[in-house]
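Morning, everyone. Please have a look at the structure on the screen, and I'll walk you through it.

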Amino acid sequence: MVATKGTGKAASLLQNERLRFIVCFLGVFVCYFYYGILQETITRGQYGQGEKKENFRYAQTLVFIQCVINALFAKILILFFEGSRLDHTKSWLYGLCSLSYLGAMVSSNSALQYVNYPTQVLGKSCKPIPVMILGVTILKKNYPLVKYLCVLLIVSGVALFLYKPNKSSTVADDHLFGFGESLLLLSLTMDGLTGVAQDHMRARFQTSANHMMLNINMWSTLVLGLAVLWTGEVWEFLSFAERHPSIFYDILLFGLTSALGQTFIFMTVVYFGPLACSIVTTTRKFFTILGSVILFNNVLNTTQWVGTILVFLGLGLDAGFGKTPKKMPH
């Protein structure tokens, strides 16, 4: 009888674990899949009709609204789940981290005015490269050999994806394509700096994910709020939104899916570890590209598909075998 009860409890626990993983996976997948659709709709869509057609060119304001929603969402999570837990991280460190965080987000959204969404996703998949370079040079980390092989696969895949032997030779096209690539490179560099700062906060101050999300987004809101007021972009955006009021609905959903998606990512890391989270996010990115190809007619040629597969092969191997081994206590 006791054995039967024990077996039943174990089976029930296993069922709960499976259910929890399914919830986390679907949460990340659905939120970021829809986030990607909204991002491409907002930044690459055309608004108006006939000669009055115009494009969305307010990346700073878009990120500003996203940061406000992220900060509010993180504050709610802290109130409900962390209570009176104190955060000892230095404010100036949050401020510095917010600058690189903002640089990555603004340049990534701006890049979509010049490159399509699959190119942006593949470009952002190179994030392990600056993180690894800055980890070696600044944090003096040692990475296993397989890590370098994974990065080589990712770089080769992105190079194949971006290689276009029949690309138009017009100066305008070359300029636009080159500028989009430059923005993605800037975004990757800023991502690397953000990763180094976050690693330092976790190691030195044991900063929780929710406090990090709250404070970085609060600093980002302050900095970007001053920037959009100084440049006057916020008034141009409000005028644009008055002409096309449906943009408010898309931007609100964009911010909510971003905040909720981050929450599911944190849940996956806490309950199942970074490896499971890497596998989930890698799978999500691949299907996001597939969705963009289907929904927005972003056709990929054979070489680009090969490059895409190489990138995700590198990401998958990195998730499974590229982790730095932990030092055993003496």
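I'll start with the overall layout, then go through some contacts.

First, the ground rules. This is a predicted model, where local features need pLDDT of at least 70, side-chain atom pairs count only at pLDDT 80 or more, and totals for chains, interfaces and linings use all residues. Residues are numbered from 1 along each chain as its sequence is written, and side-chain values use heavy atoms, with hydrogens and water left out.

Now the layout. The chain has 11 helices and 2 strands. Those are DSSP runs, numbered from the N terminus: helices are H or I with at least four residues, strands are E with at least two. Along the sequence the pattern reads α-β-β-α-α-α-α-α-α-α-α-α-α. There are 330 residues in the chain, and 45% of them count as buried. Buried means under 20% relative accessible area, exposed means over 50%, and partly exposed is in between, with a 1.4 Å probe and protein chains only.

How far along the sequence do contacts reach? Take contacts between residues at least 6 apart in sequence: 83% join residues at least 24 apart. A contact here means heavy atoms within 4.5 Å.

Here is one example of sequence distance against space. Phe21 and Tyr271 are 250 residues apart in sequence, yet their C-alpha atoms are 8.3 Å apart. Phe21 is in helix H1. With 32% relative accessibility, Phe21 counts as partly exposed.

Next, helix packing. Helix H8 covers residues 209-231 and helix H9 covers residues 233-243; they pack at an angle of about 80°, axes 5 Å apart. Axes are lines fitted to C-alpha atoms, for helices over the stretch in contact, and angles run from 0 to 180 degrees between N-to-C directions. So H8 and H9 are roughly perpendicular to each other. The cut-offs: under 35 degrees is roughly parallel, over 145 roughly antiparallel, 65 to 115 roughly perpendicular, and the rest oblique.

Which residues meet there? From H8, Val228, Leu229 and Thr231; from H9, Glu233, Val234 and Trp235.

Staying in H8, look at Asn210. Asn210 counts as buried, at 13% relative accessibility. Leaving out residues up to four places away in sequence, Asn210 touches Ala74, Leu77, Ile78, Glu82 and Phe266.

On to charges. Side chains of opposite charge can pair when their charged atoms come close. The count here is 1 salt bridge, meaning a side-chain nitrogen of Lys or Arg within 4 Å of a carboxyl oxygen of Asp or Glu. Arg243 pairs with Glu54, with the closest N and O atoms 2.9 Å apart. That links distant parts of the chain: Arg243 is in helix H9, Glu54 is in strand S2 (residues 54-55), and they are 189 residues apart. Arg243 is partly exposed at 43% relative accessibility. Glu54 is partly exposed too, at 21%.

Last, the rings. The count comes to 11 aromatic pairs. Rings of Phe, Tyr and Trp (its six-membered ring) pair if their centres lie within 6.5 Å; planes under 30 degrees apart are stacked, over 60 edge-to-face, and the rest tilted. Tyr35 and Phe254 have ring centres 4.7 Å apart and planes at 15°, so this pair is stacked. Tyr35 lies in helix H1 (residues 2-44) and Phe254 in helix H10 (residues 246-296), so the pair ties together parts 219 residues apart in sequence. Tyr35 and Phe254 are both buried.

Phe56 and Tyr58 pair edge-to-face: 5.4 Å between centres, 85° between planes. Both are buried. One aromatic cluster takes in Tyr47, Phe56, Tyr58, Phe237, Phe240 and Phe248.
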